[in-house]
Amino acid sequence: MAISNIFSHLIELTANVTNAYTTVLYSANPDKKTFRLRDHFSLNPNLVPKEEIPFDHSSIHKSITSKKPVVIDHFDPEAAEFKIFNKTESLKSFLIVPIIHDSVEGVLVTATKDAYSFSPKLQKIVGGFADQMAWHLFQEKPSPNQTPTIREMNAYLRFLAESADQTAMTKRLVEIPASILVCDSVAVVWFSGNGQGKVQEHRGFQEDPSLYTVIQGAGIIGACAQSRTPIISKAFDNNLMTLFSEKEKTEPFKSVAAVPILQNNRVLGVLVCASLMPDGLSQPELDILSMIAAAAATSPVFAERKSAPGSDKNRDSITGVYNHRFLIHRQQAISEKIFDGNLPVFFLTVQLTNLPAIYETHGVQLGDALLRGMVSLFTKRIPSPKNIFKYSDNSFLIMILKRDREEVDSLESHLKDIFDNKPLSVNGTSLRVKTEWGLSSYPDEGENLLDLISLSWARTSQQVKVTL
C-alpha cells in the first residue's frame, strides 16, 4: 500500500473506532516550528482544516511536551476556542494524540459532535494507530544527517577563526548555520575573573538576557561554568528551566545545551542553545557545540591573551580568580582603586586548613570542584562591591568595600556558620571543611595594601578574635 493511502486508511480507522466527525493528521515542520496538514477525514466535505498550526498552540503544545494524549470535552471552555478549522462546526470533544518516533513527527486531532469524553480504552486504540503513523512519517523523511559535513563544519570554524576581535567572534558564535545546528535561541556569556558573567550576544529570547548577571554555580549556564563540563538539560512536565539568573523571566524551553569555552582549564565563557521542543537538543547537538566552543577558545582572537607575559600567571588555574602574584605586581593600581579617603575597606582571609587531606582522600577532581564552589559561595553570599583573590594554595582573600564594621562582622559570622553547622555538598559528596578566618581594615589599621593583607593572613591562625 502506498504511504499516502496508508495515512488515509489509518485516519479512517481512527474515525470509525471513535465515531469522530473529523480526524486530522498534521506532520511536524521543525524549521518553521509549525505542524502542516498531512491528511484528514471529515463527514462534512466543506470543513477544511488549517494548513499550518504553530508548535505553541496551547492544547497541542500540552500534548507534545507531555507525550501523552490530551482530551478536551464539552465541559471545558477551551473546546469552543479550539479553532484549527477554517469552517465553523459545533464540535464538542477533542482528542489530541502526539505522533512520536525518535522525536515528534506530528500530531493527530480527532473531533466529535457528541457530548462525551474519549475513554481510556479509545485513547489506547488511537495511540496504536498513532504509533503506525509515526513510523510512516519517519520513513518519509530523508535519511537523517546527524552531523554536518566536514566541509560545512570547517567553513564555519574558519569563519570563527577569521574574526577580527572577541566582539566579532561573539556575533559569529550566535550565527551558527542551520546546516550545522538548529535551535530556537542562542547566547554567549563571557566570564570575568570574579566568577561573574554577562551575556554579550544573543538571539531568539523574548526577554533581553544581557540584563542579567550570571553567577558561577547558579542556573544552567552558571552550573556549566562551575563544572567546566558540557550540560544538556530537559524540562519535565510544565517545569521551566533557569538559564541565566534567578531573577530572569523564564521561557518555555524544553531542551537546553550549554558548553564551556575553556583556555588552559580556565573558563572564558559559555555557549548555550535552547529549543522549544523536548527532543530539539540532544547528545549529537551537544557534541557539535563542544567542537565550536573548543575552536573559539583556541582561535587567534585569544592569542594575545594567551601569550601576554604573565597574564595566565596572574590568575589561579583552578578557580580563574586573580592570585597572590597579581596582588604583588598590581598593588599600586589596586590601592588607588579601592582606597578612597576615609571610606573603610575590609580584608577578610579564609584558610582551608584541611584542604590537603581532602585532596588526598577524595582526589584532585573533587578538591578542585571544592575550590571553585568556594568562589561561587563567596560571590553569592558577599554583597558587592567586593574583590575575590586566591591568596595561597589553601586560602582566599576577599576585599569588602562600602560596608561598615558591624555589617562585616555579621557577614563573617554568617560565613563561619555555613562551614561550622553542616558539611558542604560538592558534586554529590559531603565534605567537612575546616576553616580559620582573619580580618583587617583600612584606614583604622594602616594604609599599605600588602601590610593589611598580611595582617589579615596572620590573624587566621589566632584562636581568639582580635578586638580593634
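Helices (H or I, at least four residues) and strands (E, at least two) are DSSP runs, numbered from the N terminus. This is a predicted model, in which local features need pLDDT of at least 70 and side-chain atom pairs count only at pLDDT 80 or more, while totals for chains, interfaces and linings use all residues. Residues are numbered from 1 along each chain as its sequence is written, and side-chain values use heavy atoms, with hydrogens and water left out.

I begin with the sheet. Strands of a sheet pair through backbone hydrogen bonds, either parallel or antiparallel. Here, two strands pair if DSSP finds at least two bridges between them. In this model, 6 strands form an open sheet with antiparallel pairing, in the order 9-8-7-12-11-10. Strand 9 and strand 10 are at the edges with a single partner strand each, so one side of each has no neighbour in the sheet. On average, neighbouring strands of this sheet are turned by 25° against each other, direction ignored. The angles come from axes, which are lines fitted to C-alpha atoms, for helices over the stretch in contact, and run from 0 to 180 degrees between N-to-C directions. Strand 11 and strand 12 run antiparallel and are joined by 9 bridges; Ala-257 has Cys-273, in strand 12, as its bridge partner.

Two helices belong with this sheet. Helix 5 (residues 166–173) lies across strand 7, strand 8, strand 11 and strand 12, and runs at about 150° to strand 7. In helix 6 (residues 219–227), the buried residues are Ile-220, Ile-221, Gly-222, Cys-224 and Ala-225. Buried means under 20% relative accessible area, exposed over 50%, and partly exposed in between (1.4 Å probe, protein chains only). What covers these buried residues of helix 6 includes strand 7, strand 9, strand 10, strand 11 and strand 12. Just after helix 6, Arg-228 adopts a positive phi of about 60°.

How many disulfides does a search of the whole structure find? The search finds 0, a disulfide being a pair of cysteine sulfur atoms within 2.5 Å. Cys-183 is in no disulfide, and the nearest cysteine sulfur, that of Cys-273, is 3.6 Å away. Cys-183 is buried at a relative accessible area of 11%, and Cys-273 is buried at 0%.

I turn next to a pocket. The method uses a 1 Å grid over the protein atoms alone: a cavity is a set of points where a 1.4 Å probe fits but cannot get out, whereas a pocket is an open set with protein on both sides within 12 Å along at least five of seven lines, and lining residues have an atom within 4 Å of a point. The second largest pocket has a volume of about 920 Å³; grid points are joined across faces, edges and corners, and a volume is the space filled by probe spheres set on the points. Its lining has 31 residues, and Gln-216, Gly-217, Ala-218, Ser-376 and Lys-380 lie nearest the centre. Helix 12 gives the most to this lining, with 10 residues.

Finally, consider one residue elsewhere. Is Thr-14 buried or exposed? Thr-14, which lies in helix 1 (residues 3–18), counts as buried, at 0% relative accessibility. Leaving aside neighbours within four places in sequence, Thr-14 is in contact (heavy atoms within 4.5 Å) with residues including Thr-23, Leu-108 and Phe-129.
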